[in-house]
Amino acid sequence: MLKEKLFFRAEDETDFMPIIPINETDGEFDKDTVIPETLPILPLRNTVLFPGVVLPITVGRDKSIKAVNEAYKSDKLIGVVAQKDANIEDPEPKDLCAIGTIAKIIKLIKMPDGGTTIIIQGKKRFELLKMDSEDPYFRASIRMLADDELPSHEDFDAIVSSIKDLATQIIQLSPNLPTEASIILKNIENPSFLINFVSSNLNSELAEKQGLLEINDIHERAEKLIHILQRELQFAELKDKVTNKTRTEIDKQQRDYFLQQQLKSIKEELGGDTNEREIAEMKKKAEGKKWPDAAKTLFKSGIEKLERMHPSTPDYSVVYNHLDLMLDLPWNEHTDDNYDLKNAQKVLDIDHYGMTKIKSRILEYLAVLKLKGDMKSPILCFLGPPGIGKTSLGRSIAHAIGRKYVRLSLGGMHDESEIRGHRKTYIGAMPGRILQNIRKCKSSNPVMILDEIDKIGNDFRGDPSSALLEVLDPEQNNTFYDNYLELEYDLSKVLFIATANNLQNIQPALRDRLEIIDLSGYAVEEKVEIAKRHLLPKQKEAHGLAKVNIKINDKVLEKVIENYTRESGVRELDRQLAALMRYQAKELAIKNKVKSTLTLPDVEKILGQARYSNEIYKTANMPGVAVGLAWTYVGGDILFIETILGEGKGELKLTGNLGNVMKESASTALSYLQANARKCGIDPEEFSKKAIHIHVPEGAVPKDGPSAGITMLTSLASAFTGRKVKPYLAMTGEITLRGQVLPVGGIKEKVLAAKRSGLKEIILCWQNEKDVKEIEGDYIKGVEFHYVKTMQQVVDIALV
């Protein structure tokens, strides 16, 4: 007897177990046994009985008990058939399979609970012809099916051997089946009984077993059985693989735990666990910190939490990193400022040429700091075109006053968390960039450059410029709150210096917190000095020519500036000097010698023909053409305004990619001229006979603003009177319908642009005289200024 069915999965519960007959031929009928034409029928719900196989069956249904008792009293023969659907409690004839097995009841046992258990042995297959009666039990007419005859095929023995092998492999891979089963299988010699026995114990659907029983040809039945066994073997192998993999993972966990315990013991022997040492070091480091009470309390609770946690828990690293940040931040740790104002002035002068206003403002700040001893740092904003040294000036200030220097680039920043930090519960959370830089420089009073503050963006992640409002307010930033730190941090000692190119792009609330310091572009003379003092030595060093004697005189530098650059700053000049030094480096490498002094022909040979020329202003002397001055964020520039008259009816046409304000200035100028035609020497009838076209060249470049008003009026007056505009004359100013000239901005940039371009006279509003006085006299030497109040004065000065 085997424990459970041989090839059934452990989870498949059954109410029988297979029994091996002592003699394999016991499954056959005696020659004298008479098979009646009608037999009591026993329906089985969950199995199929094969000839030769012995099964214990628990009989529970009344009909089945009566059928068993009747058969046991007579010849002990009973027809066993399988139900098509095992879920039917009270089957009818149509619910029974047509092919079954005649069984002999070997033993009948009455159970204490009233049930009956029988041990039956399959004898021979039969076909159920018709059901004779259904009450009190099923009785049916049957027809015996032919005996299984062993085939004479050569491969039949091989098939039987394969069945044995496959069944043995399945037994070995199934942990729930006893190993004795494989021994029993090996000892079965009768092929027919072997096939029936294995078929009976298959782990497959009832319909599949019934299909095997219904196959008459034993060779065909054996082949079908091999296919089913191969499938079962694959399943058993897969199940075994999964089981072993799971066991391996569990073994690894047990092994790791064991090694961890050993490691812990070794560490204890060596003087404590690594994590305990880390916590002890943190506590020791905290003793020397000069932090506020709130920080001290938070650190203490964090350390206590860390001591209670196991290092392998995910939250351990979160708490540890937070405490590490608290220890790294320089709470109340400041560098000492250098109050030597003469030294500071000297450092600023060495690092940067010019910039008098900014240097004066820094020295004022230092003077107050020296007298008062402590003050909230102002928030300075250097506003000016690119390439004039706004960022590098911040480094010079830090150097002059002996503070640490950090730079925070804000260009293109979109995420508010970059400023305020993320909440530390998020994966990958970090403190904001402000605290990261404070942590890096180890000082609570550095000079922090907020570069390109006008280039901050905003989107669905928040608005960083709004997050900066708290940082850049001297009244609030002593309690700056970082989401990661979860504490207030004092930023009031930090000297924030913002840089920007365009004030219009800065949020109004943020602009209100900044002390704007305008940095205008450099004059040609300033650029020559900057090139000699800073750019040339830097490029010589960069190109390996530091020890080589190479000079460029002022006249040559001036030509490089005028003919190859047109900018407010010095970046393009730096690139041109780099090109000169590259050429010299190549000459030195090839010929082993260089020219010690570069001349103008050398410059033209290296840099090519001049890109810019002032000759255009000499040729533009026909009526209707006037030269105006414009401001751009990269500095000042000059622009032409051209007017031409044609036959028409007084219509005005404007071209040159002009903005609304500039178009309105043109209309205002024309209206004023029409109203004052006789004063200007123009026949009023001319306006209704002519088509007027005003054009501003470089049509691809957008232009706007009111400062071209007087230039447009001069151009119109020149066209209508036929008088030329005075050569080498430029002008800028806004006009009103009453003919008044109003002041405009960007005067320094515009005046320097005019000087760069070789213009000699400039017309300005009388209120702009104060702006001209701020420009150093040497830079505007040779330029004559005309300060006017009315448009009539402009026409009188401008027209020849």
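A: Buried means under 20% relative accessible area, exposed means over 50%, and partly exposed lies in between (1.4 Å probe, protein chains only). This is a predicted model, in which local features need pLDDT of at least 70 and side-chain atom pairs count only at pLDDT 80 or more, while totals for chains, interfaces and linings use all residues. Residues are numbered from 1 along each chain as its sequence is written, and side-chain values use heavy atoms, with hydrogens and water left out.

A salt bridge is a side-chain nitrogen of Lys or Arg within 4 Å of a carboxyl oxygen of Asp or Glu. The structure holds 29 of them. One of these joins K455 to E452, with the closest N and O atoms 2.9 Å apart. K455 is partly exposed, at 36% relative accessibility, and E452 is also partly exposed, at 26%.

Another pair is D602 and K595, whose closest N and O atoms are 2.8 Å apart. Here D602 counts as buried, at 15% relative accessibility, whereas K595 is partly exposed, at 44%.

K690 and E647 also meet through their side chains, at 3.6 Å from N to O. K690 is buried, with a relative accessible area of 18%, but E647 is exposed, at 69%.
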